[in-house]
Amino acid sequence: MSDDWHQVQPVVRHGSRPQIVNATLKSSYLWEHVYVLRLTRNMRVLLTGETADFSNYLLNIGDDKHNVCKQIGEFAIKLPDDITVKSEQELINFVFGNLQSNTNPDWLASRCIICPSNTEVDRINNLIMQSFPREEKVYRSSDSVEENEHQYPIEFINSLCPSGMPPHKLTLRKDSIVMLLRNLDPTNSHCNGTRYVVQHLHQHVIDAVVAGGPHAGKRLFIPRIPLMPSDNIIFPFHMRRKQFRLDLLLQ
């Protein structure tokens with residue numbers, strides 16, 4: 001087994017803080033039988049020739065040795081100026097450069113901006129899509145619930161986006177990068193999480209090719225398919241959404 005106590009805690013679906021803390025390895029009855037080996041040499045720094053300053057900086061944060069900046073927040077720390085940007089647009093320009101002139105699939109597929117929430121993902125994606133030179137096309141899903149359908153307004157159902165489900169409103173442009181959300185053809189590498197470059201946007205099907213890796217260039221026609229959330233615990237109803245099994249992947 002291996003673990004890094006500086007990493008995030010285990011994910012307990014819909015769990016409370018005590019349940020998440022109790023899910024760590026140290027809470028297991030096996031812990032008293034574990035012999036701990038501590039890794040002290042940063043091999044990534046040695047292999048890449050990077051300086052250990054940033055690695056030590058992260059370790060100090062994990063060990064609670066970094067000074068808290070009370071002006072920002074009670075538990076907030078101030079990041080160094082050399083790893084921060086002053087605006088979202090500056091970050092987009094740093095990661096993607098000039099999208100008006102550079103839409104190379106391999107280049108686009110090797111870049112992304114990590115966001116803390118789905119709301120931020122959608123907002124950043126909308127900002128980036130405005131820089132694409134192609135004309136956009138909007139696909140709206142057909143949503144329904146299996147019981148008490150008149151009790152829930154359709155606008156409310158459309159606003160929901162459970163984990164692993166495509167959004168109700170999917171805005172795409174030619175050459176944009178998308179990610180498949182379900183396994184469609186695993187034998188030909190068309191699996192959940194695969195990145196694609198959009199080639200053509202039709203009314204009932206999307207033509208895309210695999211963006212990178214050993215299967216780069218393989219073509220896939222993605223249809224609209226009825227989908228249901230894998231986890232319906234958070235809703236008092238069973239939701240069904242007919243939409244393309246993909247999501248925009250620029251964030």
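This note walks through a sheet, its strand pairings and some salt bridges in the structure above.

1. A word on the model first. The model is predicted, so local features need pLDDT of at least 70 and side-chain atom pairs count only at pLDDT 80 or more, while totals for chains, interfaces and linings use all residues. Residues are numbered from 1 along each chain as its sequence is written, and side-chain values use heavy atoms, with hydrogens and water left out.

2. Let us begin with the sheet. Seven strands form an open sheet with antiparallel pairing, in the order β2-β8-β7-β6-β5-β4-β9. Strands here are DSSP runs of E with at least two residues, helices are runs of H or I with at least four, and both are numbered from the N terminus. Two strands pair if DSSP finds at least two bridges between them. In general, strands of a sheet pair through backbone hydrogen bonds, either parallel or antiparallel.

3. Which strands sit at the edges? They are β2 (142–145) and β9 (246–248), and each of them pairs on one side only. On average, neighbouring strands of this sheet are turned by 35 degrees against each other, direction ignored. For such angles, axes are lines fitted to C-alpha atoms (for helices over the stretch in contact), and angles run from 0 to 180 degrees between N-to-C directions.

4. Next, have a look at β5. Strand β4 (residues 177–180) pairs with strand β5 (residues 195–201) in the antiparallel sense over three bridges. Met179 stands opposite Arg195 in β5, and Ile177 stands opposite Val197 in β5. β5 also pairs with strand β6 (residues 205–210), again antiparallel, over five bridges. Val198 has Ala208 in β6 as its bridge partner. β5 and β6 form a hairpin, with three residues between them.

5. Asp207 deserves a visit of its own. Asp207 is found in strand β6. Is Asp207 buried or exposed? Its relative accessible area is 1%, so Asp207 counts as buried; buried means under 20%, exposed over 50%, and partly exposed in between, using a 1.4 Å probe and protein chains only. Leaving aside residues up to four places away in sequence, Asp207 touches Val197, Val198, Gln199, His200, Arg219, Leu220 and Phe221. Contact means heavy atoms within 4.5 Å.

6. Asp207 also takes part in a salt bridge with Arg219, where the closest N and O atoms are 2.5 Å apart. This pair links distant parts of the chain: Arg219 lies in strand β7 (residues 219–227) and Asp207 in strand β6, twelve residues apart. A salt bridge is a side-chain nitrogen of Lys or Arg within 4 Å of a carboxyl oxygen of Asp or Glu. Side chains of opposite charge can pair when their charged atoms come close.

7. How many salt bridges does the structure hold? There are eight. One of them joins the side chains of Arg123 and Glu88, at 2.7 Å from N to O. Arg123 is in helix α6 (residues 118–129) and Glu88 in helix α4 (residues 88–96), 35 residues apart. Arg123 is partly exposed at 34% relative accessibility, and Glu88 is partly exposed at 33%.

8. A further salt bridge connects Arg173 with Glu136, the closest N and O atoms being 3.3 Å apart. Arg173 belongs to strand β3 (residues 169–173) and Glu136 to strand β1 (residues 136–140), with 37 residues separating the two. Arg173 is buried at 11% relative accessible area, whereas Glu136 is partly exposed at 41%.
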